[in-house]
Amino acid sequence: LLLLLRVLAILCVALAVAGPHWGGLGTGGGTRSVLFVIDNSASMGTGQAVGTRLDEAVRVCAEMIAALPGETAVQVLVGGSQTRAIFGDWLPAAAGAIGGLSLIQPTEGAFDQARVWTEAARLVARAPGSPVQIVVLSDLQDVPPDEDWQAAAQRLQEAGESHLLVRRIGEPTAGGGVLAVALPARA
């Protein structure tokens with residue numbers, strides 16, 4: 001019995017030193033997950049009274065993250081010519097998450113719905129809390145029809161419960177806000 005107690009004491013010390021982490025960010029059932037989708041396509045480069053539409057989308061996203069409780073898990077997905085998550089994994093809503101928004105750069109190309117919803121489905125499946133609230137910040141310019149977006153939206157539904165909020169950035173502009181096209185000298 002004394003040997004068993006000694007072994008148990010050594011195991012408890014070893015566990016204490018290892019610092020067990022039970023369940024990660026998603027423990028407690030009260031964890032809220034918010035996925036921000038920021039459109040950084042070419043049309044988001046449209047100038048406004050102050051900055052561009054992309055600048056406004058990043059500002060709005062930062063304000064929304066700052067308003068969330070600290071235990072809320074956040075992830076930011078950008079969708080333009082490339083679709084990618086800004087953070088390697090879900091982060092707590094804090095200054096670090098807001099600071100990461102400075103990594104968002106404008107791109108060329110259209111908002112590719114199929115790639116955005118496919119990546120969103122992957123992130124929703126890995127979210128620490130459910131349901132996941134998805135906030136789309138976009139100018140909602142017309143994009144070419146894409147046959148794959150419906151299949152991607154279906155995958156998003158299957159990934160887990162999510163709620164969608166769309167916030168329009170800027171006013172609709174004829175031609176997507178493109179005022180001039182500068183061609184290279186060799187064109």
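**Reading the values against their cut-offs**

Visitor: Why does Arg-59 count as partly exposed?

Guide: Arg-59 has a relative accessibility of 41%. Buried means under 20% relative accessible area, exposed means over 50%, and partly exposed lies in between (1.4 Å probe, protein chains only). Local features need pLDDT of at least 70, side-chain atom pairs count only at pLDDT 80 or more, totals for chains, interfaces and linings use all residues, and side-chain values use heavy atoms, without hydrogens and water.

Visitor: What makes the meeting of Glu-63 and Arg-59 a salt bridge?

Guide: The term needs a side-chain nitrogen of Lys or Arg within 4 Å of a carboxyl oxygen of Asp or Glu. Here the N to O distance is 2.8 Å, so the pair qualifies. Both residues lie in helix H2, four residues apart, about one turn of the helix. Helices (H or I, at least four residues) and strands (E, at least two) are DSSP runs, numbered from the N terminus. Glu-63 is partly exposed at 46%. A search of the whole structure finds five salt bridges.

Visitor: What does the salt bridge of Asp-89 and Arg-126 link?

Guide: Its N to O distance is 3.5 Å. The pair links distant parts of the chain, 37 residues apart. Asp-89 sits in the loop between strands S3 (83-85) and S4 (91-92), and Arg-126 in the loop between helix H4 (113-125) and S5. Asp-89 is partly exposed at 40%, and Arg-126 is partly exposed at 43%.

Visitor: Why does Glu-119 count as buried?

Guide: Its relative accessibility is 17%. The limit is 20%, so Glu-119 is buried. Its side chain meets Arg-122 in a salt bridge of 2.5 Å, N to O. Arg-122 is partly exposed, at 39%.

Visitor: How do you know that Asp-39 has no salt bridge?

Guide: Look for opposite charge: Lys and Arg count as positive, Asp and Glu as negative, and His and the chain ends are not counted. The nearest such side chain, Arg-53, is 8.0 Å away. That is beyond the 4 Å limit, so Asp-39 has no salt bridge.

Visitor: What joins the side chains of Asp-39 and Ser-138?

Guide: A polar contact of 2.8 Å. The term means a pair of N or O atoms within 3.5 Å; within protein, one must be able to donate a hydrogen and the other to accept it, and residues adjacent in sequence count only if both atoms are side-chain atoms. A polar contact of 2.7 Å joins the side chains of Asp-39 and Ser-41.

Visitor: Which residues have the most contacts inside the largest nonpolar core?

Guide: Phe-36, Ile-38, Val-76 and Ile-104, in a core of 24 residues. Such a core is a set of buried Ala, Val, Leu, Ile, Met, Phe, Trp, Tyr and Cys residues joined through side-chain atoms within 4.5 Å.

Visitor: Where is confidence lowest, and where highest?

Guide: Lowest in helix H3 (residues 95-99), at a mean of 74, and highest in S1, at 91. Over residues 21-28 the pLDDT is below 50. pLDDT is the predictor's confidence in each residue, from 0 to 100. Where pLDDT is low, the predicted coordinates should not be read in detail.

Note on methods:
Residues are numbered from 1 along each chain as its sequence is written. Contact means heavy atoms within 4.5 Å.
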